[in-house]
Amino acid sequence: MLVNEKVAIEHGLKVDEYKKICNLLNRTPNITELGIFSAMWNEHCSYKSSKLHLKKLPTKGKKVIQGPGENAGVIDVEDGDAIVFKVESHNHPSFIEPYQGAATGVGGIMRDVFTMGARPIANLNSIHFGSPQHKKTKNLLRGVVHGIGGYGNCMGIPTIAGQTSFDSSYNGNILVNAMTLGLVKKNKIFYSKAAGLNKPVIYVGSKTGRDGIHGASMASASFDEKIEDKKPTVQVGDPFTEKLLLEACLELMAGDSIISIQDMGAAGLTSSSIEMASKGNLGIEINLDKVPCRESKMTPYEIMLSESQERMLIVLENGKEDIAKKIFDKWNLDFAVIGKTTNSKNIELIFNNEKVANIPINNLVENSPTYDRKWKKSKLPKKNKIKKEVVKKLKIKDVLKKVLSSPNVCSKEWIWQQYDHTVMGDTIQKPGGDSGVVRIHGTNKAVAASIDSSAVYCWAHPLTGGKQVVAESWRNLISVGATPIAITNCLNFGSPEKEENMGEFVECVQGIGEASEYLKFPVVSGNVSFYNQTKDVGIKPTPTIGGVGLIKDYNKMITMNFKENDNLVLILGKTEGHIDQSLFARTILDEKNGPPPEVNLFNEKNNGESLLNLIDKNLIKSAHDISLGGILTAIAKMCIKGDKGIKLKRSKNLINEIEYFFSEDQGRYIIEINPKDLKEVTKILNKNSVHHEEIGVIIDKELIINEKTKVTIDELKSYNTNWLTNYMSK
Amino acid sequence: MKSSVITFPGSNCDRDMDVALKKFGFNNKMVWHNDHELPNSDLVVLPGGFSYGDYLRCGSMASKSKIMQSVINFAKSGGLVMGICNGFQILVETGLVPGVLLRNKYLEFICKNVFVKLDNKNNKYFKNLNKDVLELHIAHNEGNYFCTKDQLKEIEDNNQIAVYYCNNLGQIEEKFNPNGSIKNIAGIFNKEKNVLGMMPHPERMIDQNLSGEDGSLFFKNLINNIK
């Protein structure tokens, strides 16, 4: 096939980019080479619009063993143990084919983690759908949930936490972000950097088929009405093969045969081989006749661009081929020596005894385009005046009912009951809490993980929103008694070629950077997903933050369920009554404008660290961070979980009761303490200047808001649990 | 007491079972599906998971793997064989226990705590247990037990029903049936009661920090019964 500008454009390249390729090569590329360039230079693989901004994120810290740039980030969790983790998007494929799209998203992120030598110990996910009334939402939700469960359950990795939201901005572009944590010994981490000449390059795993060709390019473009035509670009997953691949790789990794290893994810054999060679400053030669193929007559172009799942590329020590082959034979997986490392610094492909591609690797990697896109700064919106007469007419109980049963607050048990969350026998905090917690097998330690995003805040003011998501992740970890260590981010945005969308990206990243710097909560891995838009309509900016923390003694873990009658309930952090952008404003007042709540990083840090201090002194019986839906929503959830009630005191706070209960000011927690500890708790909080107030006392089975308003726990449960089940069964 | 846990390609509760058996005093060995010989054992466990990726039918390919002939011989000579979840599915595929396991009634994977009522304590598994209702954990997509009317009569006549899904009070009603199983059956024995297949996972309920501790009761009792 003749290559020209038109063909290049069909591959998603811009005219300038095509010209640059011809200049770099000093000739016209052939079709295989063009395919390789298009795969390496698309947004998904090259980060060409984002890398200038991502550089500004704080990525270092005492506990960081590996920051961004590898298959996943790695942090130190003491005693020679390390946690490998990352979050990644699989948005575009999941909208086209929800089951396979979501399943292979989960499969891909687990491969990223076990490529580094870590056994996956927990999965999380953050999924976002269009309005519940939209005709596609229900099927997409069902398909995505089945896909996530289908893959993770079969692999035998517990899914311990997640987040689900609905917003009409996702009507045409759902989001599926999957996160995995793995456990590895610090001295047994594997990296993707190749080293040494003439080392055998090994292909293992499934055979290569024609599925997923140009998947990464598809993920780098917007959708239009021809979206159904893109189904063949979605990969098909086989979790059974991945389970075998996991066991086989870990078995091989126990020895000393591997120099470097890389999973074949986006852009398959192309990006894996090029990344390994590039990091080692080497060349690589691959004989494509040796690649195990599922179908006959596959062309070099197809072999290089296939995104068939469950495959790995390994650079082995010389002479270790037999040892390695024996392990992969045992697990019934393909094993083939397909090439070697060279000193040419080129990628050279041989097919039918002919050289079918020869590209200097630096042209594909270092010389890939970088764009400093134009972007528009957002203004902080003006505060709305709350219509006092409207608020006065509202009954608290009605508002509480609406908020608890709203799609974004209601219980997601229908979803997480379909995920195996207890396999591996170490899940000590299940989904539905602030964070999921798994023990580090055979130790007293446990790892907590949370996944969060607040698209509405980011949409209203990206800088504040970016900060808020990091702060919320931090709070969710602290609420279970974990010391926050580091985060991974999945940045879901519209088109970087539109100034508004690019502005949202730049400022969200700035906010994330500021918060993670201040909280010493560095970013160790991540992924960017642009072009989440159909035609001209983009999604609300949705940076997803996955936070990981350590609980040194899991007996000190905290849960959110109210524990015991007569215990006192306190609020940490100040309630100012910020209503704009709250769930209350949007669902009850139908007010969509205004600024998000301000994020005061000093208070976040101070309040959070003070709570950790109280937890460490065994003074806390239960804790929960206050987020979507405000104080009363948080309290109601603690009642539901604990099957306990509370008698609320009249707050000394001067703001209106409704604003007090439903505002979404940041940096706040609800805690339960034993009355005998009140003095000590107050002393510590006062000493640290943490604003706090006593709000109530725990009683049996009734939420007493004031003399006139009481709600039984069974009522609260019915508000909270029924919406999703009813919606899905209709 | 010696136990063996078989690992099939795709098993994923094999380690959990190993941890549980060792915790309660078994000297456990992991046995690879491709081996011919079963080590000397007092108990053989077929663990949960997705052997052979559930391809063809859950448990069907594993039931034909090399080690299974030894397991079947061991069972026929009176040895204790317990299949949990996918292990139960493998057992029905070998014919060691009657019936089949269909897809869950609501076509969804279910992971949650359930209560089961013990029906028959005249066997090595449940003898001397001082509780009639256990809280265990299920995690499966195909746990909907089904058999023909004739089979059911035979099973009932021979007291082969091991555990029923119920509530915390031991009431066996349709509303406590998570997957549509006939008669709320959660587990059954062979005629001789040395082979037990059940969907709930006792190995996930072995310490207070997990979902519960009724699994501990089960294993402690089991090893005492075998001694």
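The legends below describe several views of a predicted model. Residues are numbered from 1 along each chain as its sequence is written, while chains are lettered from A and ligands numbered from 1 in the order in which they are written. Because the model is predicted, local features need pLDDT of at least 70 and side-chain atom pairs count only at pLDDT 80 or more, whereas totals for chains, interfaces and linings use all residues.

**View 1. Chain A as a whole.** The secondary structure of chain A comprises 26 helices and 28 strands, where helices (H or I, at least four residues) and strands (E, at least two) are DSSP runs numbered from the N terminus. Along its principal axes, the C-alpha trace of chain A spans about 85 × 50 × 45 Å. Of its 730 residues, 61% count as buried, a residue being buried if 20 or more other C-beta atoms, placed from the backbone, lie within 10 Å of its own.

**View 2. An open sheet of seven strands in chain A.** The strands follow the order β8-β10-β7-β11-β9-β12-β13, with mixed pairing; two strands pair if DSSP finds at least two bridges between them. At the edges stand β8 (258-263) and β13 (354-360) of chain A, each with a single partner strand, so one side of each has no neighbour in the sheet. Within this sheet, strand β7 (residues 200-205) and strand β11 (residues 334-342) of chain A run antiparallel and are joined by six bridges, and G205(A) has D334(A) in β11(A) as its bridge partner.

**View 3. The surroundings of G147(A).** This residue lies in helix α8 (residues 137-155) of chain A, and G147(A) counts as buried because 26 C-beta neighbours lie inside 10 Å. Leaving aside residues up to four places away in sequence, G147(A) touches P98(A), Y99(A), Q100(A), G101(A), A102(A) and A103(A), contact meaning that the C-beta atoms of two residues, placed from the backbone, lie within 7 Å.

**View 4. Strand β3 of chain B and its partners.** Strand β3 (residues 43-46) of chain B is covered on both faces, with L43(B) and V45(B) buried on one side and V44(B) and L46(B) buried on the other. Strand β1 (residues 2-7) of chain B pairs with β3(B) in the parallel sense over three bridges, and S3(B) stands opposite L43(B). Strand β4 (residues 80-84) of chain B also runs parallel to β3(B), joined by four bridges, with V81(B) in β4(B) as the bridge partner of V44(B).

Methods. Buried ≥ 20, exposed ≤ 12 C-beta atoms within 10 Å, placed from the backbone.
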